[in-house]
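Dear colleague,

I am passing on the structure we spoke about, with the sequence alongside. My notes on what was found in it follow below.

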Amino acid sequence: FHSYAELTTDDRVESMLGYYLPRYRQLLLYEDKADASLEETRRVLYHEGFHQFVDGLIQDLPPWVNEGLAEYFGYAIEVSGK
(Lines give C-alpha, C1' and ligand atoms only; values in the text may rest on other atoms or scores of the structure.)
Protein backbone atom coordinates (compact mmCIF):
# COMPACT_ATOMS: atom_id res chain seq x y z
CA PHE A 1 0.00 0.00 0.00
CA HIS A 2 2.62 2.53 1.05
CA SER A 3 5.01 1.72 -1.81
CA TYR A 4 2.22 1.91 -4.38
CA ALA A 5 1.01 5.18 -2.90
CA GLU A 6 4.49 6.62 -3.21
CA LEU A 7 4.67 5.56 -6.87
CA THR A 8 1.30 7.08 -7.75
CA THR A 9 1.17 10.17 -5.52
CA ASP A 10 4.82 10.85 -4.51
CA ASP A 11 3.71 10.36 -0.90
CA ARG A 12 3.74 7.16 1.16
CA VAL A 13 0.53 8.30 2.92
CA GLU A 14 1.63 6.51 6.08
CA SER A 15 -0.95 8.35 8.17
CA MET A 16 -3.90 7.17 6.08
CA LEU A 17 -5.89 3.95 5.99
CA GLY A 18 -7.07 4.53 2.44
CA TYR A 19 -7.65 6.96 -0.37
CA TYR A 20 -9.34 7.26 -3.74
CA LEU A 21 -7.07 8.01 -6.68
CA PRO A 22 -9.22 9.67 -9.39
CA ARG A 23 -6.47 9.57 -12.01
CA TYR A 24 -6.64 5.77 -12.06
CA ARG A 25 -10.15 5.41 -10.58
CA GLN A 26 -8.74 3.25 -7.81
CA LEU A 27 -9.87 2.95 -4.23
CA LEU A 28 -7.01 1.77 -2.04
CA LEU A 29 -7.31 0.53 1.54
CA TYR A 30 -4.77 -0.45 4.13
CA GLU A 31 -5.71 -2.39 7.21
CA ASP A 32 -3.30 -3.00 10.03
CA LYS A 33 -5.20 -5.06 12.56
CA ALA A 34 -2.88 -3.84 15.31
CA ASP A 35 -3.57 -0.16 14.58
CA ALA A 36 -7.11 0.07 13.24
CA SER A 37 -10.42 -1.37 14.25
CA LEU A 38 -12.87 -2.92 11.84
CA GLU A 39 -15.14 0.07 12.49
CA GLU A 40 -12.42 2.55 11.46
CA THR A 41 -11.59 0.53 8.34
CA ARG A 42 -15.28 0.46 7.40
CA ARG A 43 -15.57 4.23 7.93
CA VAL A 44 -12.60 4.84 5.61
CA LEU A 45 -14.08 2.44 3.04
CA TYR A 46 -17.45 4.26 3.05
CA HIS A 47 -15.76 7.68 2.92
CA GLU A 48 -13.41 6.81 0.06
CA GLY A 49 -16.12 4.74 -1.63
CA PHE A 50 -18.25 7.88 -1.82
CA HIS A 51 -15.42 9.68 -3.62
CA GLN A 52 -15.21 6.80 -6.09
CA PHE A 53 -18.99 6.74 -6.57
CA VAL A 54 -19.42 10.46 -7.13
CA ASP A 55 -16.35 10.67 -9.42
CA GLY A 56 -18.26 8.75 -12.06
CA LEU A 57 -21.43 10.83 -11.73
CA ILE A 58 -20.62 14.49 -11.19
CA GLN A 59 -17.77 16.43 -12.73
CA ASP A 60 -16.35 19.50 -11.01
CA LEU A 61 -18.06 18.85 -7.68
CA PRO A 62 -16.76 21.51 -5.26
CA PRO A 63 -14.23 19.97 -2.87
CA TRP A 64 -16.17 21.09 0.20
CA VAL A 65 -19.29 19.26 -1.04
CA ASN A 66 -17.29 16.16 -1.97
CA GLU A 67 -15.55 15.98 1.43
CA GLY A 68 -18.65 16.93 3.38
CA LEU A 69 -20.76 14.20 1.82
CA ALA A 70 -17.92 11.68 2.08
CA GLU A 71 -17.71 12.40 5.82
CA TYR A 72 -21.47 12.02 6.13
CA PHE A 73 -21.49 8.64 4.39
CA GLY A 74 -18.33 7.58 6.20
CA TYR A 75 -20.29 7.42 9.44
CA ALA A 76 -23.23 5.51 7.98
CA ILE A 77 -24.29 2.46 9.93
CA GLU A 78 -25.89 -0.71 8.71
CA VAL A 79 -29.36 -1.32 10.07
CA SER A 80 -30.66 -4.83 9.50
CA GLY A 81 -34.22 -5.99 9.75
CA LYS A 82 -35.85 -2.76 8.61
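Of the 82 residues of the protein, 27% count as buried, where buried means under 20% relative accessible area, taken with a 1.4 Å probe and protein chains only. Please bear in mind that this is a predicted model, in which local features need pLDDT of at least 70 and side-chain atom pairs count only at pLDDT 80 or more, while totals for chains, interfaces and linings use all residues. Residues are numbered from 1 along each chain as its sequence is written, and side-chain values use heavy atoms, with hydrogens and water left out.

The protein holds three helices and two strands, in the order α-β-β-α-α along the sequence; helices (H or I, at least four residues) and strands (E, at least two) are DSSP runs, numbered from the N terminus. Its C-alpha trace spans about 45 × 35 × 20 Å along the principal axes.

Helix α2, residues 38-55, has 18 residues and reaches 25 Å from its first C-alpha to its last, close to the 26 Å expected at 1.5 Å a residue, the expected span being 1.5 Å times one less than the number of residues. Its buried residues are Thr 41, Arg 43, Val 44, His 47, Glu 48, Phe 50, His 51 and Val 54, and they pack against β1 (18-21), β2 (26-29) and α3 (63-74).

Lastly, among contacts (heavy atoms within 4.5 Å) between residues at least 6 apart in sequence, 32% join residues at least 24 apart.

Terms used. Buried means under 20% relative accessible area, exposed over 50%, partly exposed in between (1.4 Å probe, protein chains only).
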